[in-house]
Amino acid sequence: MLIVLTMLLLGMVLGFVGAGGAGVIIAVLTVFFNVPIHYAIGTSLIGLVSTSLFGSLSHYREKNIDIKIAFLLGIPGGIGALIASFVVEHIPQSDLNYMTASALFVSGLTLWIKLSIKTKSNEKNVYSKSSFLLSIIIGFVLGMLSGFFGIGSSAFIQLTLLLVIGLSVQLSVGTTMLVMFPISLIGGIGYIINGNVDFLLLVKVVFGTSIGSYIGAKFTNKLNPIVLKISMVSVPIIGGLILITN
C-alpha cells in the first residue's frame, strides 16, 4: 500500500511536469524500497505505458498535444529504447546508478538553461524534409537514452520540443507525454524479454502513477508558468540526488 500511495504522488508530479518524473520513480524504488536498479528501470519503463496513455488523454483534452510531432519522435524513439534495453543488461548496477543520476542532473541543468532563454514558436518547421529527418534522428537518440535510464530522457524530449521544434511550454509538456508512449511500450518489451520487470511491482506502479498522472496533467494550464518551469528543472535534479545516496 505504501508503494501505491508513493506512486500516486509521483504520478501527479509526472503528469504535471511531463519530465523527470520517471527518474524520481526509479530513484525512490531503488533507494527507499530496495529494488535493484535494472528492475526499477524496466518496471518503471513498462509501467509508463499506462501512465503516458492516461496523461496523454488528459493533455489532449486540455489541447496540450501536437500528435504528428509526438509520433514523429516517438516511433524511432521506441526502436532506440528497444536496442538500449539489451545493452543496459550488461552494465553493473553500481555504474548504472551513477549513470542514471548523472543523466537526471544533466537533464535538469539543460532544461534550466533552455527555459531561461526566450524563443519564438516555429513548430511548422518540423514538417519540412530536413526537419523530418532531424526529428527521426533525435527521436532515435532520445529513445536510446530512455531505454538506458527509464525515460530519464524525458527532459531532453521537452528540450527538443522547446528548442528544435519551438513548441510552447504547455505543448511541450503534453507532447512529451505522448512521445513517451511508444518509447515506453517498445523499450519495455526488451526489459520483459531480459527478465528485468517485476510484474507485482508493475501493478502497483501502474495503478498509482496512472491515476496520479491523469490528475497532475490538469494542473499544467492552471498554475503559473513560472511554477511549471521551476518544477520541470527541480524534479530530475531531486531524482538524481536521491539516487546517488544509495
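Reader: Which backbone oxygen does the side chain of Thr176 reach?

Author: The model is predicted, with local features needing pLDDT of at least 70, side-chain atom pairs pLDDT 80 or more, and totals for chains, interfaces and linings using all residues. Residues are numbered from 1 along each chain as its sequence is written, and side-chain values use heavy atoms, leaving out hydrogens and water. At 2.6 Å, the side chain of Thr176 reaches the backbone oxygen of Ser172.

Reader: At roughly what angle do the axes of α3 and α8 cross?

Author: Helix α3 (residues 37-61) passes helix α8 (residues 169-193) in a left-handed crossing, that is, with the near helix turned anticlockwise from the far one by less than a right angle. Their axes come within 7 Å and cross at roughly 145°.

Reader: How are α8 and α10 set to each other?

Author: The axes of α8 and helix α10 (residues 225-244) come within 11 Å and cross at roughly 45°. Angles under 35 degrees count as roughly parallel, over 145 as roughly antiparallel, 65 to 115 as roughly perpendicular and the rest as oblique. The two helices, α8 and α10, are therefore oblique.

Note on methods. Axes are lines fitted to C-alpha atoms, for helices over the stretch in contact, and angles run from 0 to 180 degrees between N-to-C directions. Helices (H or I, at least four residues) and strands (E, at least two) are DSSP runs, numbered from the N terminus. A polar contact is a pair of N or O atoms within 3.5 Å; within protein, one must be able to donate a hydrogen and the other to accept it, and residues adjacent in sequence count only if both atoms are side-chain atoms.
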